[in-house]
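This report looks at a ligand site and at a helix packing. Please keep the sequence and the structure in view while reading.

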Amino acid sequence: MLSVLKNRFEQGCRTSRYPKVNVQLPSRYRGRPVVNADVPADLAEACAAACPQEAIDAKARTLHLGRCVFCGNCERISGGQFVRFTQNFENGVAEKAHLVTQGDLPDLAAHARQHFKGLFGRSLQLRQVSAAGCNACEADLNVLATPFFDLARFGINFVASPRHADGIVVTGPISRNMKTALMQTYEATPQPRVVIAVGSCALSGGPFRGSNEITEGLDSLLPVDLFIPGCPPHPMTNLHALLTFFK
Amino acid sequence: MALELERIANHVGDLGALSGDVAFLPPANYCGRMRGDFLNMTLLLCGNRFGKGLVRPGGVRFALDDEIRQDLAGRIAELAPQVEHVLALLLNTPGVRARFEGCGRVSRGDADQLGLVGPAGRACGLPYDARRVFPTEIYGQLEIPENAESTGDVWARAKVRRDEVMQSIDIIHSLLDDRPETTCVEQPPLRLAPDALAVTVNEAWRGEVSHCVLTDANGGILRYKIKDPSFHNWNGLSMSLRDTGISDFPLNNKSYNLSYCGFDL
Ligand code: SF4
Ligand code: SF4
């Protein structure tokens with residue numbers, strides 16, 4: 001017992017004061033990219049050619065956040081001239097079209113489905129479907145339950161059955177073998193239900209794009225309400241998106 | 001260093017999950033938080049909590065500078081005693097020990113025949129550790145203990161992890177002090193040797209990971225195969241579960257913590 005108390009004392013209170021106090025991520029963290037449209041065409045093209053995800057449109061000077069895996073190649077090649085990654089983790093969007101960007105994402109709160117706020121603003125139960133990803137997306141959703149993020153203090157929980165859930169959170173590129181399970185989970189969730197796609201894989205197929213074993217984007221199967229880009233999205237990105245969209 | 005940070009984060013997380021499974025909640029919560037603190041060190045190193053973007057063919061893309069070195073050293077110094085105390089709390093609690101001991105026992109002989117790897121193998125007395133047997137990078141200069149336990153139960157799997165966490169913390173300490181030089185590689189256009197077969201072996205946190213690549217006459221990739229440690233260890237879990245009650249499944253499952261997709265990789 002004494003040892004329990006001693007550890008309790010040593011651990012202290014670790015819960016972040018976010019959203020009241022913002023969280024600062026380290027300088028190497030690659031958050032929201034900002035594209036500089038005023039660069040020579042050859043630089044933009046070199047970046048587009050080096051992008052493993054075909055996420056850069058050199059002509060339009062835009063970047064597809066749903067495809068990007070935040071590898072940082074484009075930033076390196078252009079020395080930060082064309083693409084520069086900021087420490088801004090607020091990357092969630094409500095419309096697929098918003099994923100193609102130069103870095104100025106529309107205000108998520110303004111695009112959130114207002115009726116969801118009324119329905120789920122005080123209590124939101126989510127079922128996670130892990131559909132063939134690398135598991136990093138799932139791991140960084142999982143940590144939202146740890147003391148630092150403490151998602152439950154906002155009334156949001158992950159539950160063990162779609163029957164208990166208000167919506168599903170899908171990660172991974174949805175392999176052929178996971179498609180049926182995913183669709184059944186969706187059907188088993190009572191209406192009205194929310195669909196959230198997390199990570200480059202669920203948004204576009206991610207690093208698996210082009211394979212005929214996977215689905216290139218959850219939105220081709222289900223109506224997606226909230227898109228959270230990243231590979232994986234930082235837990236703060238997930239937290240920000242959930243709070244802004246539902247609160 | 002990245003590999004050791006990954007090992008610590010996962011072992012600490014696993015020990016927390018084991019604690020949660022026997023309904024001892026304080027270490028479960030503390031471990032969850034501390035696991036995150038170690039992932040954040042990888043974030044500090046390379047901008048991604050899972051080390052994505054760090055390793056490139058031929059080396060790494062991010063070097064340690066003095067600022068990061070100091071930051072890391074400070075964080076480790078603060079965390080090390082906390083980790084030590086929480087893990088001591090977990091393993092010294094009689095109720096935890098009673099549940100862990102004798103649960104899901106696998107004999108050394110069975111483990112050997114099934115080819116168990118990583119902490120699961122070491123818990124059964126198989127000292128194999130790729131860091132010691134096939135040392136790459138700086139591992140040849142480090143003393144990696146054998147860490148072999150003999151009881152092959154959940155207790156042994158927990159204890160191996162605890163020992164490895166403390167050793168990995170020491171390894172990182174000494175690497176920070178020794179200041180090995182890191183030079184970054186840029187991503188050159190990748191030219192692979194034609195008609196070649198390359199196999200790599202590394203000790204990941206779950207055990208031996210092997211990558212194998214086969215190239216064609218033009219240096220293009222013909223086949224690429226990854227063998228995950230879970231491939232070996234799922235059979236260990238089923239061995240652990242022979243003739244046990246269903247209530248021992250969750251605890252045994254956590255004590256292996258295998259990858260579901262890794263099995264058929
Ligand atoms: S960071 Fe994104 S856009 Fe840039 S090269 Fe990598 S995947 Fe492409
Ligand atoms: S988006 Fe990236 S981190 Fe997420 S599952 Fe896919 S590969 Fe893994």
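Residues from which chains surround ligand 2? In this predicted model, residues of chains A and B surround ligand 2, so the site is shared between chains.

## The shell around ligand 2

The shell takes in Gly133(A), Cys134(A), Ala136(A), Cys137(A), Gly199(A), Ser200(A), Cys201(A), Pro207(A), Gly230(A), Cys231(A) and Pro232(A), together with Lys52(B). Two or more residues of this shell come from each of helix 6 (136–142) and helix 8 (199–204) of chain A, and helix 8 of chain A gives the most, with three residues.

By class, the residues around ligand 2 divide into seven nonpolar, four polar and one charged.

## Helix 1 against helix 8 in chain B

In chain B, the axes of helix 1 (residues 2–21) and helix 8 come within 9 Å and cross at roughly 145°, and the crossing of these two helices is left-handed. Helix 1 of chain B brings to the contact residues including Leu5(B), Ile8(B), Val12(B) and Leu15(B), while helix 8 of chain B brings, among others, Ala158(B), Val165(B), Ile169(B) and Ile172(B). Taken by class, the contact of helix 1 with helix 8 in chain B has 11 nonpolar, two polar and six charged residues.

## Gln167(B)

Helix 8 of chain B, residues 154–178, also holds Gln167(B). With a relative accessible area of 18%, Gln167(B) is buried, because the value lies under the 20% limit for that class. When its neighbours within four places in sequence are left aside, Gln167(B) is in contact with Pro145(B) and Asn147(B).

Notes: Residues numbered from 1 in each chain as written. Chains lettered and ligands numbered in written order. Predicted model: local features only at pLDDT ≥ 70, side-chain atom pairs only at ≥ 80, totals over all residues. Heavy atoms only, no water. Near = heavy atom within 4 Å. Helix = DSSP H or I, 4+ residues; strand = E, 2+ residues; numbered from the N terminus. Nonpolar A, V, L, I, M, F, W, Y, C, P; charged D, E, K, R; others polar. Buried < 20%, exposed > 50% of the residue type's maximum accessible area, 1.4 Å probe, protein only. Contact = heavy atoms within 4.5 Å. Axes fitted to C-alpha atoms, helices over the stretch in contact; angles between N-to-C directions. Left-handed = near helix turned anticlockwise from the far one by under 90°.
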